[in-house]
Amino acid sequence: MKFNIQSRGDNDSNILSQKIKSYLQEFHLEYDEKEPEIVISVGGDGTLLEAFHQYAHRSQETSFVGVHTGHLGFYADWKPDEVEKLVIHIAKTPFKIVEYPLLEVIIRHNNDQKSERFLALNECSVKSMEGSLVMDIEIKGDHFETFRGDGLCLSTPSGSTAYNKALGGAILHPSLASIQLAEMASINNRVYRTIGSPLVLPQHHTCMLKPKNNVDFQVTVDHLNLVQKQVKSIQCRVAEERIRFARFRPFPFWKRVKESFIAE
Ligand code: NAP
Ligand code: MN
């Protein structure tokens with residue numbers, strides 16, 4: 001089996017990555033950066049986000065597993081002192097695969113036939129370059145509201161514990177194929193009105209954001225910052241593709257939530 005290792009790049013992560021690499025090679029697994037069947041991310045959740053984006057085009061072929069060199073992560077849930085155990089598990093393929101939903105974002109521009117398509121593992125956020133963000137929000141093709149405020153965040157279930165949580169969004173179990181729309185400081189008064197609550201949309205319910213006046217935006221897709229000019233629309237829905245995690249032992253989502261936010 002072919003593997004690759006993605007390190008956060010700090011000294012501890014690099015040393016641990018080297019160790020995992022030589023262990024796996026001792027088991028006659030092949031190091032391959034181009035077409036790995038498993039990618040081991042060593043660092044934090046941010047490192048796994050980077051690994052995912054590097055191989056997002058291989059969603060059917062590549063599985064991920066994360067080792068944390070800092071605090072426990074949502075995606076990086078193996079401890080550094082467990083890597084011997086992890087390596088033996090990986091060498092004893094086939095392994096169990098768990099799939100999580102992803103967010104599909106399609107950005108269309110004025111005077112441009114081409115659209116840009118992104119996949120997010122955590123979320124897509126949209127902010128204005130200048131002044132308030134003003135956007136019409138359509139759900140399943142129908143106008144829902146006109147949003148005025150700091151910005152909007154569309155997250156996946158596994159991303160619901162990241163930026164979305166800081167915005168007062170709900171934590172969603174990744175078995176729910178859905179996306180969540182959370183507001184950033186909406187303006188609400190007698191003139192402007194938004195729903196005010198986070199919305200959870202099921203599969204095939206498209207959420208379309210359409211600019212009212214300004215057409216230039218700061219858009220993030222996970223850790224990536226994009227400046228988008230002359231935007232006609234930003235379309236979000238549950239993606240057809242899913243991310244695959246290699247699962248070698250049970251680590252229930254709610255236990256991870258508890259250990260990350262409440263207590264170990
Ligand atoms: P970062 O600034 O290191 O990320 C912020 C924190 O979010 C880190 O502690 C990171 O963990 C954690 N994180 C990432 N994905 C998570 C998840 N699914 N559940 C719970 N925590 C998660 O930047 P980054 O590492 O490149 O991560 C990018 C993410 O930062 C974005 O996708 C966004 O969700 C998040 N973010 C959060 C806020 C906020 O909460 N106000 C603002 C902007 C962005 P590690 O330290 O293990 O990497
Ligand atoms: Mn990080």
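This is a predicted model: local features need pLDDT of at least 70, side-chain atom pairs count only at pLDDT 80 or more; totals for chains, interfaces and linings use all residues.

The dialogue below takes up the model feature by feature.

Trainee: How many helices and strands does the chain have?

Mentor: Helices (H or I, at least four residues) and strands (E, at least two) are DSSP runs, numbered from the N terminus. In this chain they come to five helices and 16 strands.

Trainee: How does the radius of gyration of the chain stand against that of a compact globule?

Mentor: The radius is taken over C-alpha atoms, and the globule rule is 2.2 Å times the number of residues to the power 0.38. For 264 residues the rule gives a value near 18 Å; the chain has 20 Å, which agrees. Along the principal axes, the C-alpha atoms fill a box of roughly 65 × 45 × 35 Å.

Trainee: What share of the residues is buried?

Mentor: Buried means under 20% relative accessible area, exposed over 50%, and partly exposed in between (1.4 Å probe, protein chains only). By that reading, 51% of the 264 residues count as buried. As for the surface, areas come from the Shrake-Rupley method with a 1.4 Å probe, and for residues only the protein chains shown count as cover. The chain exposes about 12700 Å², of which carbon and sulfur atoms supply 48%.

Trainee: How are contacts read, and what share of them joins residues 24 or more positions apart?

Mentor: A contact means heavy atoms within 4.5 Å. Among contacts in the chain with a separation of 6 or more, 71% are between residues 24 or more positions apart.

Trainee: Which contacts does W78 make, and is W78 buried or exposed?

Mentor: W78 is found in strand β5 (residues 76–78) and is buried, at a relative accessible area of 3%. Neighbours within four places in sequence aside, W78 touches V65, G66, V67, H68, K85, L86, H89, F248 and R249.

Trainee: Where does L24 lie, and which residues does L24 contact?

Mentor: L24 belongs to helix α1 (residues 11–26) and is buried, at 0% relative accessibility. With neighbours within four places set aside, its contacts are F3, L29, I40, V87 and I90.

Trainee: Is F261 buried, partly exposed or exposed?

Mentor: F261, in helix α5 (residues 253–261), counts as partly exposed because its relative accessibility is 38%. Apart from neighbours within four places, F261 is in contact with F74, T161 and K165. F261 and T161 are 100 residues apart in sequence, and their C-alpha atoms are 9.4 Å apart.

Trainee: How many disulfides does the structure hold?

Mentor: A disulfide is a pair of cysteine sulfur atoms within 2.5 Å. The structure holds zero.

Trainee: Which residues other than glycine have a positive phi?

Mentor: Two may be named here. N111 has a phi near 55 degrees and is found in the loop between β6 (96–109) and β7 (115–120). N111 counts as exposed, at 79% relative accessibility. A185 has a phi of about 40 degrees, lies in strand β11 (residues 178–186) and counts as exposed at 53%.

Definitions and conventions. Residues are numbered from 1 along each chain as its sequence is written. Chains are lettered from A and ligands numbered from 1 in the order in which they are written. Side-chain values use heavy atoms; hydrogens and water are left out.
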